[in-house]
Amino acid sequence: MDIGFIGLGQMGFHMARRLVEAGHRLVVFDNRREAIEPLTALGAQAAASPRELADAVETVMVSLPTPDVVLAVATGASGVIEGKRVRRFVDLSTTGAVMAKRIFEALKTRNIVQIDCPVSGGVTGAAKGTLALMASGPRAEINAIEPALAAIGKTFFISERPGAGQTMKLCNNFLSAAAMTATSEAMVMGVKAGLDPRIMLDVINSGTGRNTATEDKFGRVVLPRTFNLGFTVGLMTKDLKLCLGEGKALGVPMQVAEAVTQLLQTACDENGPDKDLTTVVQPVERRAGVEVRAPRASGPLPK
Ligand code: NAD
(Lines give C-alpha, C1' and ligand atoms only; values in the text may rest on other atoms or scores of the structure.)
Protein backbone atom coordinates (compact mmCIF):
# COMPACT_ATOMS: atom_id res chain seq x y z
CA MET A 1 0.00 0.00 0.00
CA ASP A 2 0.95 3.67 -0.32
CA ILE A 3 0.94 5.10 3.21
CA GLY A 4 1.79 8.48 4.74
CA PHE A 5 3.15 8.47 8.30
CA ILE A 6 3.36 11.58 10.50
CA GLY A 7 5.06 11.56 13.93
CA LEU A 8 8.26 9.50 13.99
CA GLY A 9 8.94 9.47 17.75
CA GLN A 10 9.41 6.61 20.20
CA MET A 11 6.43 4.69 18.78
CA GLY A 12 6.08 6.16 15.30
CA PHE A 13 9.64 5.43 14.23
CA HIS A 14 9.24 1.69 14.80
CA MET A 15 5.77 1.51 13.27
CA ALA A 16 6.96 3.40 10.18
CA ARG A 17 10.10 1.24 9.98
CA ARG A 18 8.03 -1.95 10.08
CA LEU A 19 5.74 -0.65 7.32
CA VAL A 20 8.73 0.06 5.05
CA GLU A 21 10.26 -3.32 5.89
CA ALA A 22 6.94 -5.04 5.04
CA GLY A 23 7.20 -3.55 1.54
CA HIS A 24 4.72 -0.66 1.79
CA ARG A 25 5.61 2.58 0.01
CA LEU A 26 5.95 5.15 2.76
CA VAL A 27 5.93 8.95 2.73
CA VAL A 28 6.92 10.43 6.11
CA PHE A 29 6.79 13.74 7.96
CA ASP A 30 7.89 14.94 11.40
CA ASN A 31 8.68 18.46 12.54
CA ARG A 32 12.07 17.20 13.79
CA ARG A 33 14.43 16.74 10.84
CA GLU A 34 16.55 14.22 12.69
CA ALA A 35 13.51 11.97 13.06
CA ILE A 36 13.01 11.78 9.28
CA GLU A 37 16.51 10.80 8.17
CA PRO A 38 16.57 7.24 9.64
CA LEU A 39 13.37 6.50 7.69
CA THR A 40 14.54 7.95 4.37
CA ALA A 41 17.71 5.88 4.83
CA LEU A 42 15.45 2.80 4.82
CA GLY A 43 13.71 3.89 1.61
CA ALA A 44 10.85 6.13 2.76
CA GLN A 45 10.20 9.39 0.95
CA ALA A 46 10.10 12.67 2.94
CA ALA A 47 7.28 15.22 2.63
CA ALA A 48 7.62 18.90 3.54
CA SER A 49 4.25 19.18 5.36
CA PRO A 50 1.21 17.09 6.31
CA ARG A 51 -0.60 18.60 3.29
CA GLU A 52 2.14 17.59 0.86
CA LEU A 53 2.11 14.09 2.35
CA ALA A 54 -1.69 13.94 1.99
CA ASP A 55 -1.35 15.00 -1.67
CA ALA A 56 0.66 11.83 -2.29
CA VAL A 57 -1.23 9.00 -0.51
CA GLU A 58 -4.77 7.78 0.23
CA THR A 59 -4.00 6.55 3.75
CA VAL A 60 -2.39 8.83 6.35
CA MET A 61 -1.33 7.41 9.73
CA VAL A 62 -0.27 9.59 12.65
CA SER A 63 1.46 8.90 15.98
CA LEU A 64 1.53 12.31 17.68
CA PRO A 65 1.91 13.37 21.32
CA THR A 66 -1.26 15.25 22.31
CA PRO A 67 -4.87 15.77 21.13
CA ASP A 68 -4.16 19.39 20.16
CA VAL A 69 -1.23 18.39 17.97
CA VAL A 70 -3.35 15.70 16.28
CA LEU A 71 -6.10 18.28 15.65
CA ALA A 72 -3.64 20.79 14.16
CA VAL A 73 -1.94 18.20 11.93
CA ALA A 74 -5.32 16.82 10.78
CA THR A 75 -7.32 20.01 10.29
CA GLY A 76 -4.99 23.03 10.64
CA ALA A 77 -3.33 25.14 7.95
CA SER A 78 -1.21 22.93 5.65
CA GLY A 79 -2.82 20.00 7.44
CA VAL A 80 -3.94 16.61 6.14
CA ILE A 81 -7.42 18.02 5.43
CA GLU A 82 -5.95 20.09 2.57
CA GLY A 83 -4.42 17.05 0.82
CA LYS A 84 -5.64 16.18 -2.69
CA ARG A 85 -5.39 12.37 -2.55
CA VAL A 86 -6.04 11.44 1.08
CA ARG A 87 -9.15 9.32 1.86
CA ARG A 88 -8.36 7.91 5.33
CA PHE A 89 -6.85 9.42 8.47
CA VAL A 90 -5.71 6.73 10.91
CA ASP A 91 -4.91 8.10 14.38
CA LEU A 92 -2.55 5.76 16.25
CA SER A 93 -2.04 8.33 19.04
CA THR A 94 -3.88 8.48 22.36
CA THR A 95 -6.19 11.39 21.64
CA GLY A 96 -9.37 10.71 23.68
CA ALA A 97 -12.88 10.07 22.40
CA VAL A 98 -14.00 13.73 22.43
CA MET A 99 -11.17 14.84 20.12
CA ALA A 100 -11.54 11.74 17.93
CA LYS A 101 -15.20 12.65 17.27
CA ARG A 102 -14.28 16.27 16.61
CA ILE A 103 -11.64 15.29 14.06
CA PHE A 104 -14.05 12.73 12.52
CA GLU A 105 -16.64 15.47 11.93
CA ALA A 106 -14.10 17.96 10.55
CA LEU A 107 -12.58 15.48 8.10
CA LYS A 108 -16.01 14.21 7.00
CA THR A 109 -16.66 17.60 5.40
CA ARG A 110 -13.86 16.73 2.90
CA ASN A 111 -14.88 13.07 2.49
CA ILE A 112 -11.92 11.87 4.54
CA VAL A 113 -12.70 8.99 6.92
CA GLN A 114 -11.19 9.22 10.39
CA ILE A 115 -10.28 5.87 11.99
CA ASP A 116 -9.12 5.95 15.58
CA CYS A 117 -6.65 3.19 16.22
CA PRO A 118 -4.70 3.82 19.44
CA VAL A 119 -2.09 1.25 20.34
CA SER A 120 -0.82 -0.55 23.44
CA GLY A 121 2.35 -2.54 24.01
CA GLY A 122 4.97 0.17 24.46
CA VAL A 123 8.16 0.76 22.52
CA THR A 124 9.06 -2.93 22.78
CA GLY A 125 5.74 -3.90 21.18
CA ALA A 126 6.21 -1.25 18.48
CA ALA A 127 9.70 -2.54 17.71
CA LYS A 128 8.52 -6.16 17.48
CA GLY A 129 5.23 -5.47 15.68
CA THR A 130 3.18 -6.95 18.52
CA LEU A 131 1.07 -3.93 19.47
CA ALA A 132 -2.63 -4.25 20.35
CA LEU A 133 -4.47 -1.97 17.89
CA MET A 134 -7.91 -0.72 18.98
CA ALA A 135 -9.63 0.27 15.76
CA SER A 136 -12.95 2.04 15.48
CA GLY A 137 -14.56 3.41 12.35
CA PRO A 138 -16.29 2.05 9.25
CA ARG A 139 -15.61 -1.70 9.09
CA ALA A 140 -14.87 -1.70 5.34
CA GLU A 141 -12.26 1.06 5.77
CA ILE A 142 -10.56 -0.82 8.59
CA ASN A 143 -10.55 -3.98 6.47
CA ALA A 144 -8.94 -1.99 3.65
CA ILE A 145 -5.96 -1.03 5.82
CA GLU A 146 -5.67 -4.39 7.60
CA PRO A 147 -2.65 -5.48 5.47
CA ALA A 148 -0.75 -2.42 6.73
CA LEU A 149 -1.95 -2.77 10.33
CA ALA A 150 -0.76 -6.39 10.33
CA ALA A 151 2.83 -5.11 10.06
CA ILE A 152 2.54 -3.24 13.37
CA GLY A 153 0.35 -5.44 15.54
CA LYS A 154 -2.89 -7.28 16.11
CA THR A 155 -6.08 -5.40 15.22
CA PHE A 156 -9.09 -5.51 17.53
CA PHE A 157 -12.21 -4.13 15.91
CA ILE A 158 -13.87 -2.10 18.68
CA SER A 159 -16.85 -0.43 17.00
CA GLU A 160 -18.04 1.54 13.96
CA ARG A 161 -18.49 4.50 16.34
CA PRO A 162 -15.75 7.19 16.14
CA GLY A 163 -13.90 7.51 19.45
CA ALA A 164 -14.72 4.00 20.73
CA GLY A 165 -11.13 2.82 20.19
CA GLN A 166 -9.94 5.82 22.20
CA THR A 167 -12.24 4.94 25.10
CA MET A 168 -10.86 1.39 25.01
CA LYS A 169 -7.31 2.74 25.12
CA LEU A 170 -8.04 5.03 28.09
CA CYS A 171 -9.46 2.07 30.05
CA ASN A 172 -6.26 0.15 29.31
CA ASN A 173 -3.89 2.98 30.23
CA PHE A 174 -5.74 3.73 33.44
CA LEU A 175 -5.06 0.14 34.51
CA SER A 176 -1.45 0.28 33.32
CA ALA A 177 -0.82 3.53 35.25
CA ALA A 178 -2.62 2.17 38.33
CA ALA A 179 -0.31 -0.86 38.25
CA MET A 180 2.79 1.36 37.96
CA THR A 181 1.80 3.78 40.73
CA ALA A 182 0.47 1.17 43.17
CA THR A 183 3.54 -1.01 42.61
CA SER A 184 5.75 2.02 43.32
CA GLU A 185 4.16 2.47 46.75
CA ALA A 186 4.22 -1.25 47.56
CA MET A 187 7.88 -1.65 46.55
CA VAL A 188 9.02 1.45 48.48
CA MET A 189 7.16 0.22 51.56
CA GLY A 190 8.79 -3.23 51.33
CA VAL A 191 12.28 -1.81 50.79
CA LYS A 192 11.90 0.61 53.72
CA ALA A 193 10.92 -2.34 55.90
CA GLY A 194 14.13 -4.11 54.84
CA LEU A 195 12.82 -6.49 52.13
CA ASP A 196 14.97 -7.35 49.10
CA PRO A 197 13.21 -5.83 46.04
CA ARG A 198 14.19 -8.77 43.80
CA ILE A 199 12.66 -11.25 46.21
CA MET A 200 9.60 -9.02 46.46
CA LEU A 201 9.15 -9.15 42.66
CA ASP A 202 9.64 -12.93 42.61
CA VAL A 203 6.98 -13.40 45.28
CA ILE A 204 4.50 -10.94 43.78
CA ASN A 205 4.94 -12.45 40.31
CA SER A 206 4.12 -15.87 41.75
CA GLY A 207 1.16 -14.45 43.65
CA THR A 208 -1.98 -12.42 43.12
CA GLY A 209 -0.35 -8.98 43.12
CA ARG A 210 1.37 -9.46 39.76
CA ASN A 211 0.83 -6.87 37.06
CA THR A 212 2.69 -5.23 34.15
CA ALA A 213 4.86 -3.18 36.51
CA THR A 214 5.98 -6.19 38.59
CA GLU A 215 6.35 -8.51 35.59
CA ASP A 216 8.24 -6.08 33.40
CA LYS A 217 8.88 -2.42 34.35
CA PHE A 218 10.40 -2.78 37.82
CA GLY A 219 12.80 -5.63 37.00
CA ARG A 220 13.82 -4.16 33.65
CA VAL A 221 14.23 -0.41 34.28
CA VAL A 222 13.56 0.56 37.93
CA LEU A 223 15.82 -1.84 39.86
CA PRO A 224 18.78 -1.14 37.49
CA ARG A 225 17.81 2.59 37.72
CA THR A 226 17.92 3.07 33.94
CA PHE A 227 14.36 4.50 33.73
CA ASN A 228 14.29 4.01 29.97
CA LEU A 229 10.96 2.43 29.17
CA GLY A 230 10.40 4.96 26.35
CA PHE A 231 7.05 6.44 27.46
CA THR A 232 7.10 9.77 29.26
CA VAL A 233 5.32 10.49 32.51
CA GLY A 234 3.88 13.61 30.82
CA LEU A 235 2.13 11.54 28.13
CA MET A 236 0.73 9.11 30.71
CA THR A 237 -0.55 12.05 32.78
CA LYS A 238 -2.28 13.35 29.62
CA ASP A 239 -3.91 9.91 29.19
CA LEU A 240 -5.16 9.81 32.79
CA LYS A 241 -6.58 13.33 32.50
CA LEU A 242 -8.40 12.28 29.31
CA CYS A 243 -9.67 9.23 31.21
CA LEU A 244 -10.95 11.38 34.12
CA GLY A 245 -12.68 13.69 31.62
CA GLU A 246 -14.36 10.77 29.93
CA GLY A 247 -15.42 9.21 33.25
CA LYS A 248 -16.92 12.52 34.31
CA ALA A 249 -18.79 12.96 31.02
CA LEU A 250 -20.21 9.44 31.39
CA GLY A 251 -21.13 9.90 35.08
CA VAL A 252 -18.72 7.20 36.31
CA PRO A 253 -17.01 7.79 39.69
CA MET A 254 -13.22 7.40 39.32
CA GLN A 255 -11.64 7.90 42.74
CA VAL A 256 -8.77 5.52 42.02
CA ALA A 257 -8.00 7.21 38.68
CA GLU A 258 -7.91 10.55 40.53
CA ALA A 259 -5.33 9.25 43.02
CA VAL A 260 -3.24 7.75 40.20
CA THR A 261 -3.34 11.08 38.32
CA GLN A 262 -2.24 12.95 41.45
CA LEU A 263 0.91 10.87 41.83
CA LEU A 264 1.69 11.14 38.09
CA GLN A 265 1.25 14.92 38.31
CA THR A 266 3.59 15.07 41.31
CA ALA A 267 6.23 13.20 39.28
CA CYS A 268 5.75 15.66 36.38
CA ASP A 269 6.09 18.64 38.75
CA GLU A 270 9.15 17.29 40.59
CA ASN A 271 11.08 15.48 37.81
CA GLY A 272 9.68 17.04 34.63
CA PRO A 273 7.06 15.68 32.18
CA ASP A 274 9.71 14.48 29.71
CA LYS A 275 11.13 11.98 32.20
CA ASP A 276 10.26 8.31 31.85
CA LEU A 277 6.94 7.06 33.25
CA THR A 278 8.84 4.77 35.61
CA THR A 279 10.33 7.78 37.47
CA VAL A 280 6.92 8.01 39.15
CA VAL A 281 8.50 5.86 41.88
CA GLN A 282 10.88 8.71 42.79
CA PRO A 283 8.48 11.09 44.60
CA VAL A 284 7.50 8.13 46.82
CA GLU A 285 11.16 7.20 47.36
CA ARG A 286 12.12 10.77 48.25
CA ARG A 287 9.47 11.06 50.93
CA ALA A 288 10.29 7.61 52.33
CA GLY A 289 14.06 8.18 52.19
CA VAL A 290 14.86 4.88 50.40
CA GLU A 291 15.46 3.74 46.81
CA VAL A 292 14.13 0.63 45.09
CA ARG A 293 17.34 -0.67 43.50
CA ALA A 294 18.90 -4.08 43.02
CA PRO A 295 21.65 -4.74 45.55
CA ARG A 296 25.05 -4.46 43.85
CA ALA A 297 26.45 -7.89 44.77
CA SER A 298 24.10 -10.76 43.99
CA GLY A 299 25.83 -14.00 44.97
CA PRO A 300 24.25 -17.43 45.42
CA LEU A 301 21.76 -17.89 48.24
CA PRO A 302 23.41 -19.06 51.52
CA LYS A 303 22.86 -22.81 52.11
P1 NAD B 1 7.05 11.05 21.05
O2 NAD B 1 6.97 12.38 21.69
O3 NAD B 1 8.27 10.21 21.20
O4 NAD B 1 6.78 11.19 19.47
C5 NAD B 1 5.94 12.15 18.91
C6 NAD B 1 6.53 12.59 17.58
O7 NAD B 1 5.65 13.55 16.99
C8 NAD B 1 7.91 13.27 17.72
O9 NAD B 1 8.80 12.72 16.79
C10 NAD B 1 7.61 14.74 17.41
O11 NAD B 1 8.71 15.40 16.80
C12 NAD B 1 6.44 14.60 16.46
N13 NAD B 1 5.63 15.81 16.37
C14 NAD B 1 5.19 16.60 17.39
N15 NAD B 1 4.45 17.62 16.91
C16 NAD B 1 4.41 17.48 15.55
C17 NAD B 1 3.80 18.20 14.50
N18 NAD B 1 3.07 19.29 14.73
N19 NAD B 1 3.98 17.76 13.23
C20 NAD B 1 4.72 16.65 12.98
N21 NAD B 1 5.32 15.91 13.94
C22 NAD B 1 5.16 16.32 15.21
O23 NAD B 1 5.74 10.26 21.57
P24 NAD B 1 5.51 8.66 21.60
O25 NAD B 1 5.95 8.13 22.93
O26 NAD B 1 6.00 8.06 20.34
O27 NAD B 1 3.89 8.66 21.61
C28 NAD B 1 3.13 8.99 20.46
C29 NAD B 1 1.66 8.72 20.79
O30 NAD B 1 1.48 7.33 21.11
C31 NAD B 1 1.15 9.51 22.01
O32 NAD B 1 -0.18 9.88 21.79
C33 NAD B 1 1.27 8.48 23.15
O34 NAD B 1 0.35 8.76 24.19
C35 NAD B 1 0.95 7.19 22.43
N36 NAD B 1 1.54 5.99 22.99
C37 NAD B 1 2.84 5.96 23.43
C38 NAD B 1 3.38 4.76 23.94
C39 NAD B 1 4.81 4.66 24.42
O40 NAD B 1 5.13 3.65 25.08
N41 NAD B 1 5.69 5.61 24.14
C42 NAD B 1 2.59 3.61 23.98
C43 NAD B 1 1.28 3.66 23.49
C44 NAD B 1 0.77 4.85 23.00
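Student: Why does the ligand lie between domain 1 (2-161) and domain 2 (167-288)?

Tutor: The model is predicted, with local features requiring pLDDT of at least 70 and side-chain atom pairs pLDDT 80 or more, while totals for chains, interfaces and linings use all residues. Residues are numbered from 1 along each chain as its sequence is written, and side-chain values use heavy atoms, without hydrogens and water. The domain bounds come from an automatic or database domain assignment. The ligand lies between the two because the shell around it receives residues from both domain 1 (2-161) and domain 2 (167-288).

Student: Which helix gives the most residues to the shell around the ligand?

Tutor: Helices here are DSSP runs of H or I with at least four residues, numbered from the N terminus. At least two shell residues come from each of H4 (67-75), H6 (122-128) and H11 (233-250). The most, 3 residues, come from H11.

Student: How much of the ligand's area does the protein bury?

Tutor: Polar contacts are pairs of N or O atoms within 3.5 Å. A ligand oxygen atom is 3.3 Å from a polar backbone atom of Gly9, and one is 3.3 Å from a side-chain N or O atom of Asn31. By the Shrake-Rupley method with a 1.4 Å probe, the ligand taken alone exposes 830 Å², and the share buried by the protein is 86%.

Technical notes. Polar contact = N/O pair within 3.5 Å; in protein donor to acceptor, adjacent residues only side chain to side chain.
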